[in-house]
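User: I am new to this structure and would like to learn how to read its features. Can we go through them step by step?

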Amino acid sequence: QKEVEQDPGPLSVPEGAIVSLNCTYSNSAFQYFMWYRQYSRKGPELLMYTYSSGNKEDGRFTAQVDKSSKYISLFIRDSQPSDSATYLCAMSVGGQNFVFGPGTRLSVLP
Amino acid sequence: GAVVSQHPSWVICKSGTSVKIECRSLDFQATTMFWYRQFPKQSLMLMATSNEGSKATYEQGVEKDKFLINHASLTLSTLTVTSAHPEDSSFYICSPGGRETQYFGPGTRLLVL
């Protein structure tokens, strides 16, 4: 079993849809959870950062962490074509040894 | 967020030549720098971790003599791909360590002909 699993997609949705992106993990010691957005031929850009369990909202983005289920989610409301990118989840123990998911390719169709 | 720069942003070279990639942490003194490689449609693969003032730590399967890493100062780390071959063509991304989360440079695209 991989340490972090993520559906690679591609995921195609119509503009305005709610997008749900998910990752599961096996290491219960992970404390820091991140979501990155990566456009083609660019470096990953940090979107959301959460410590431990709970929800965090920032504009159209909501990150959820369920440590009991070892499951994290990123929700995108009112998705836009500009949201089309690859979304990577990442997690770490105490800010060390970051582990990345393989990324989900998202296409938002106008 | 952190400000990280990489130079060059892309490079094309002939097989057998060496290429140096610079990574600068512009607003954060990084004692550690992570170097990643990313092939098309694949996720980030950690290659090595450079440490200011000491030798880099390489991941399994990464040749340390081929990928030379130097962490000259708290704001500068370099990755040199020696005797590059077409299979080294990839997207190389650096990330300063030492924070609770990671910020990435814009990446350097290398194409070896």
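Analyst: Let's start with a single residue. Thr80(B) sits in strand β8 of chain B, residues 76-81. Keep in mind that the model is predicted.

User: Is Thr80(B) buried or exposed?

Analyst: Look at relative accessibility. Buried means under 20%. Thr80(B) has 15%, so it counts as buried.

User: Now a loop residue. Where is Pro81(A)?

Analyst: Pro81(A) is in the loop between β8 and β9 of chain A. Its relative accessibility is 32%, so Pro81(A) counts as partly exposed. Beyond four places in sequence, it touches Glu15(A), Val108(A) and Pro110(A). Sequence distance and spatial distance are separate things to read. Pro81(A) and Pro14(A) are 67 residues apart in sequence, and their C-alpha atoms are 8.6 Å apart.

User: How do I read the backbone angles?

Analyst: Most residues other than glycine have a negative phi, and most peptide bonds are trans. Then look for departures. Arg41(A) has a positive phi, near 65°. It lies in the loop between β4 and β5 of chain A. With 61% relative accessibility, Arg41(A) counts as exposed.

User: What is the phi of Ser83(B)?

Analyst: It is near 45°, again a positive value in a residue other than glycine. Ser83(B) is in the loop between β8 and β9 of chain B. Its relative accessibility of 32% makes it partly exposed.

User: Which peptide bond is cis?

Analyst: The bond from His7(B) to Pro8(B) is cis, with omega near 0°. Pro8(B) lies in the loop between β1 (4-7) and β2 (10-13) of chain B.

User: Next, the nonpolar cores. How many residues are in the largest nonpolar core?

Analyst: It has 25 residues. Those touching the most other members are Val4(A), Trp35(A), Ile72(A), Leu74(A), Tyr87(A) and Met91(A). Then ask which strands contribute. In chain A, β3, β4, β5, β7, β8, β9 and β11 each supply at least two residues of this core. A second, separate core has 21 residues, including Cys13(B), Trp35(B), Met47(B) and Tyr92(B).

User: How do the two chains meet?

Analyst: The size of an interface is often given as the accessible area lost when the parts come together. Here chain A and chain B bury about 1,400 Å² between them. Carbon and sulfur atoms carry 57% of that area. In contact terms, 18 residues of chain A meet 17 residues of chain B.

User: What is the volume of the second largest pocket?

Analyst: It is about 220 Å³. Among its lining residues are Phe98(A), Val99(A), Tyr36(B), Leu44(B) and Glu59(B). Two elements give two or more residues to this lining: β10 (96-100) of chain A and β5 (45-51) of chain B. The largest share, four residues, comes from β10(A). The lining divides into seven nonpolar, one polar and two charged residues.

Note on methods
Residues numbered from 1 in each chain as written. Chains lettered and ligands numbered in written order. Predicted model: local features only at pLDDT ≥ 70, side-chain atom pairs only at ≥ 80, totals over all residues. Heavy atoms only, no water. Core = buried A, V, L, I, M, F, W, Y, C linked by side-chain atoms within 4.5 Å. Buried < 20%, exposed > 50% of the residue type's maximum accessible area, 1.4 Å probe, protein only. 1 Å grid on protein atoms, 1.4 Å probe; cavity = no way out; pocket = protein on both sides within 12 Å on 5 of 7 lines; lining within 4 Å. Points joined across faces, edges and corners; volume = space filled by probe spheres on them. Nonpolar A, V, L, I, M, F, W, Y, C, P; charged D, E, K, R; others polar. Contact = heavy atoms within 4.5 Å. Buried area = accessible area lost by both parts, 1.4 Å probe.
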